[in-house]
Each structure stands twice: as C-alpha cells, then as structure tokens.
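Please look over the sequence and the model below.

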Amino acid sequence: MALSATGGAAAVAEEESGANLGETLKVGSYFALWYLFNIGYNIYNKQALNALAFPWTIATIQMATGIFYFAPLWALGLRKAPKLSMADLKTLLPIALCHTGVHVGAVIALGAGAVSFAHIVKASEPVVTCAANAALLGEVLPMKVYATLLPIIGGVAIASMKELSFTFLALAAAMLSNVSSSLRGVLSKKTMSGKQIGENLDAQNLYAVLTAMSTILLIPMMLAVEGTAFIPAFKAAVAAGSFTNKSLSTLLALSGATYYLYNEVAFLALGKVNPVTHAVGNTIKRVVIIVASVVAFKTPMSTGSIIGSSIAIFGTLLYSLAMNSVKK
C-alpha cells in the first residue's frame, strides 16, 4: 500500500511538472511570436512607406487587413461573434477614434523618420498617461511614480536633440500616437469599467470590433487627406521596376497581417503573465525593435541618441514597476 501511495504521488508530481513545462512553453511561444510579428510589422511597414509615401492610405489598408482575419473566424463559428446594440457602438466610438489616432500617428511617424526614433518617442507614453489620468479622472499617483517620469522625459529629450534623422513631423506624429493611446486607456476605464457591453466581447473581440470601427473611420479621412493618388503612385512604383504588382501587394498585405497578429498575440501573451513580467517584456520588446530596425535599415544612431534612448526605455520599466506596486 505504501509503495502504491508513493508511486501515485510521484505520478501526480510528474504530471504537474509536465503541465507546468507545457504552460511555460506556451507563454514562451506567445512572447516569441509577439516579438517576431512586431519586428516584422515595423520592417514591412517602413519598406511600404519607403516605396509609397502615403501613410494615411497604408494605415487604412493595414487596419482593414485585420477584418480578413477575424471575420472568417466569426462566420465559421471558430470564435463567438460579439453582439452589440447601437448604444454599445456609440459607447465604443470615442475609444475607436483614439484607436485610429494611435495607429495613424505611429504610421506617419515611422514614415517621416527612422523606426528607432519613433519608438524612442513612443517610450514617453507614460508621461502622457499620467497627465491624462490626472486631468480627466482626477487620479493623483504617489510621488515615486512621478519620479520615474523624469528619466523618460530626459532620455527622450537627449535622444531627440542627438537624433540624426530627426524631423518635427516624426516627433509630432509619435506624440499624437502617445496621446491617442493614453486617451484610449482613460476612456476605456471611464466608459467600460463595471459596465457590460454587448455579448461575447472579450479582449480579442473588443480589439476586432475597434479594428472594424477604425477602418470605417479611416476611409473618409484617408480620402480627404490623400485622395486616390495612391493608385497612380502604386502603378508608378511598379513601372519603375523596383516592384512587381504581386511583390508590392504582398508587402502591403504582410504589413497589415503582422500589425493585426502582433496585437492579437500580445493579448494572449499578456493574459498569461503577471504585470511585472508584462512590464519587462514590453521594455525588452522596444529595445529589440530598435536594434532590429537599425540593423535592417542600416540607420545610424549617434552616441547621444543611444544614451538618451537607453535612459528613456529604462525609465518606462521603472514606471511600469512603480505602477504595479501602487496597484497591489
């Protein structure tokens, strides 16, 4: 009997160990895909913008590409489709507007300057978030949280002054993306906290709905800003011999697919880890993207830019850790 009990305990322990290993491998694969798709998006996006300087049109194509991913899942019953009323859509509209600003601002910034510089400025998002929370929600945080904003502000300032590919358009567009992202978070908290919106609206379906709404919002904006000039520009790029119709279309499709997929996988990855791991993972992700873009596009970074970006990114990690300690 004793031998039987010992053997049973060992079997259970072995089974738990196997389950833990499986979960670790699953989380690791989510993070690997998150980084891979994010790097792919930044490279494909920059290549597309270098070929066709139409950021509004490219942003719209990328946003719309996501529909070809989640719509079949809903249609085939592989994922439960959300059920929303007009009142629900009105509630989500301000958040969708902010979601649109996040993407358009980022695409314009990535087209106007180096990928590395856009991500250095994007690292300052916590500063905007603190300001938005204080102004719109009346949220006052402990001094230690605000103290972590100093290296972020200082690092971005140093990097901007020393950035070899600096443009005011890239800076302004990246800040538009930051402000939109912060407002999206504030509005989500304000309008959706403790409120049931529709049916089957989990995190992934919410992102899908925002993607569909943002696509509808972007189309008239795109036409107002850039018209239909993208079409002759596409034909001219093909006529110049740099691309074929297939290769340029594939590049645009890949930029859209990787954009949606890195966000989709991010939800899966971040839902499996604690906030500290999330903070560290997000910080490492930004570093990996900056390094990958510098290597891929051979973009030179001055010593000052490297120092400034390192300080700013370290500041974002400190901010995330400080915020996590406040929430406990």
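This is a predicted model: local features need pLDDT of at least 70, side-chain atom pairs count only at pLDDT 80 or more; totals for chains, interfaces and linings use all residues.

An α-helix has 3.6 residues a turn, so residues three or four places apart point the same way.

H8 itself has 14 residues. From first C-alpha to last, H8 reaches 20 Å, close to the 20 Å expected at 1.5 Å a residue.

## A nonpolar patch on the surface

Which residues form a nonpolar patch on the surface? They are Ile158, Met161, Ile307 and Ile311, with about 360 Å² of accessible area together. Two elements give two or more residues to this patch: helix H8 (149–162) and helix H14 (303–327).

Ile158 belongs to helix H8. Its relative accessibility is 30%, so Ile158 counts as partly exposed.

Ser124 is found in the loop between helix H5 (115–122) and helix H6 (125–137). Is Ser124 buried or exposed? Ser124 is buried, because its relative accessible area is 8%, below the 20% cut-off.

Residues up to four places away in sequence aside, Ser124 touches Ile152, Val156, Met175 and Asn178.

## Met323 in helix H14

Helix H14 also holds Met323. With a relative accessible area of 13%, Met323 is buried. Leaving out residues up to four places away in sequence, Met323 touches Leu141 and Val145.

Val145 is 178 residues from Met323 along the chain. Their C-alpha atoms are separated by 6.5 Å.

Thr65 lies in helix H2 (residues 55–65). Its relative accessibility is 19%, so Thr65 counts as buried; the cut-off is under 20%. What does Thr65 contact, leaving aside its neighbours within four places in sequence? The partners are Ala253, Gly256 and Ala257. Thr65 and Thr215 are 150 residues apart along the chain, and their C-alpha atoms are separated by 9.3 Å.

Val27 lies in helix H1 (residues 2–51). Val27 is buried too, with a relative accessible area of 14%. Between the C-alpha atoms of Val27 and Leu268 there are 8.4 Å, although the two are 241 residues apart along the chain.

## One salt bridge

How many salt bridges does the count give? The count comes to one. The side chains of Glu264 and Arg79 meet in it, at 2.5 Å from N to O.

The pair links distant parts of the chain, 185 residues apart. Glu264 is in helix H12 (residues 245–270). Arg79 is in the loop between helix H3 (67–75) and helix H4 (86–112). Both Glu264 and Arg79 are buried.

## Asn200 and its backbone

Asn200 is not a glycine, yet has a positive phi of about 60°. Its place is the loop between helix H9 (168–192) and helix H10 (203–226). Asn200 is partly exposed, with a relative accessible area of 30%.

## The chain as a whole

The protein chain has 14 helices and zero strands. Read along the sequence, the pattern is α-α-α-α-α-α-α-α-α-α-α-α-α-α. Of the 328 residues in the chain, 44% are buried.

The accessible surface comes to about 16000 Å², and 70% of this belongs to carbon and sulfur atoms. Among contacts with a separation of 6 or more, 88% are between residues 24 or more positions apart. Several pairs described above join positions at such a separation, including Met323 and Val145, which are in contact and lie 178 residues apart along the chain.

Note on methods: Residues are numbered from 1 along each chain as its sequence is written. Side-chain values use heavy atoms; hydrogens and water are left out. Patches are made of residues with over 30% relative accessible area and no salt bridge: like charges are joined within 9 Å, nonpolar side chains (Val, Leu, Ile, Met, Phe, Trp, Tyr) within 5 Å. Accessible areas come from the Shrake-Rupley method with a 1.4 Å probe; for residues, only the protein chains shown count as cover. A salt bridge is a side-chain nitrogen of Lys or Arg within 4 Å of a carboxyl oxygen of Asp or Glu. Helices (H or I, at least four residues) and strands (E, at least two) are DSSP runs, numbered from the N terminus. Buried means under 20% relative accessible area, exposed over 50%, partly exposed in between (1.4 Å probe, protein chains only). The expected span of a helix is 1.5 Å times one less than its number of residues. Contact means heavy atoms within 4.5 Å.
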